[in-house]
Amino acid sequence: RMNHKSSKRREITGIHISRIPSRHIMNNINLEDLCFIRRLDNFDSIKQEVLDAIESMETTTCVGPVDNISNTDYYLPNEIHRPYHNILMDKFIAHKIAMGKDDRFIFNAFKIGRIWYQQYKKGDMHGLHLHGDCAYSNVLYLELPNKEAGTKFVINGKEYLLDVSEGDILSFPGILPHGSTYSVGGRKTVVVFNTIVGGDGD
């Protein structure tokens, strides 16, 4: 295994995940009613450990017509070890359990699917897209240089930006068109995971 991150970089050219126009989303939607925000348990004590684990990995760069992501493991083979998963998995499970008890959602069973990280530097962005293969997409803001660097939603032609802070996990329906705004501040690092949910017996 190589020791220097710069020698392990791969560049991917393409469009990340699926994209649809926002007209597919219902009218008169209240975005906050569809989302769940909760601070990650013990975030301050594990933040640097997670960043160090990410730094130790091979990385890829995504460059496309509407995407520019400096570092991500999204395109790496599944068999590559991702040490930050072990640090975060129990905390992601706790987050989904708490969400399932919220009266707006109420689910008794869930499955965590794919997990990946993305790092944005000055000038980076992630174009409008959706996650069509899950009930909820979930974003942990591991590094968030400012409030404006949060996840942007576009619904029926209108842009929305929820109030999130570093250390928060934002969960939202995967079918909502969303993206990362043009980065003008410091580095932004997110860990994303998809989930499917169900009730008893599902």
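User: How much accessible surface does the protein have, and what share of that belongs to carbon and sulfur atoms?
Analyst: The accessible surface comes to about 10000 Å², and 49% of that belongs to carbon and sulfur atoms. This is a predicted model.

User: What percentage of the residues is buried?
Analyst: Of the 202 residues in the protein, 48% are buried.

User: And the secondary structure, how many helices and strands?
Analyst: The protein has three helices and twelve strands.

User: Which residues touch the most other members in the largest nonpolar core?
Analyst: Y84, L88, F92 and V191 do, in a core of 41 residues. Elements that each supply at least two residues of this core include the helices α2 (43–55) and α3 (83–100), along with the strands β5 (109–120) and β12 (188–198).

User: Which element gives the most to this core?
Analyst: α2, with six residues.

User: Take F92. What is F92 in contact with, leaving aside neighbours within four places in sequence?
Analyst: F92 is in contact with L40, I112, I115, L140, I169, V191 and F193.

User: What does the second, separate core include?
Analyst: That core has five residues, among them F36, M99, F105 and F107.

User: Switching to sheets. Which strands pair with β6?
Analyst: Strand β4 (residues 67–72) pairs with β6 (residues 125–129) in the antiparallel sense over two bridges. β11 (residues 178–180) pairs with β6 in the antiparallel sense, also over two bridges.

User: How far is V63 from H126?
Analyst: They are 63 residues apart in sequence, and their C-alpha atoms are 9.7 Å apart in space.

User: Where is V63 found, and is V63 buried, partly exposed or exposed?
Analyst: V63 is found in strand β3 (residues 59–63).

User: What about C62, buried or exposed?
Analyst: C62 is buried, with a relative accessible area of 0%. In a regular strand, side chains alternate between the two faces of the sheet.

User: And C35, buried or exposed?
Analyst: C35 is buried too, at 4% relative accessible area.

User: How many disulfides are there?
Analyst: Zero, from a search of the whole structure.

User: Last one: among contacts between residues at least 6 apart in sequence, what percentage joins residues at least 24 apart?
Analyst: 84% of those contacts do.

Definitions and conventions
Residues numbered from 1 in each chain as written. Predicted model: local features only at pLDDT ≥ 70, side-chain atom pairs only at ≥ 80, totals over all residues. Heavy atoms only, no water. Disulfide = S-S within 2.5 Å. Buried < 20%, exposed > 50% of the residue type's maximum accessible area, 1.4 Å probe, protein only. Pairing = 2+ DSSP bridges. Helix = DSSP H or I, 4+ residues; strand = E, 2+ residues; numbered from the N terminus. Core = buried A, V, L, I, M, F, W, Y, C linked by side-chain atoms within 4.5 Å. Contact = heavy atoms within 4.5 Å. Areas by Shrake-Rupley, 256 points an atom, 1.4 Å probe, with all protein chains shown as cover.
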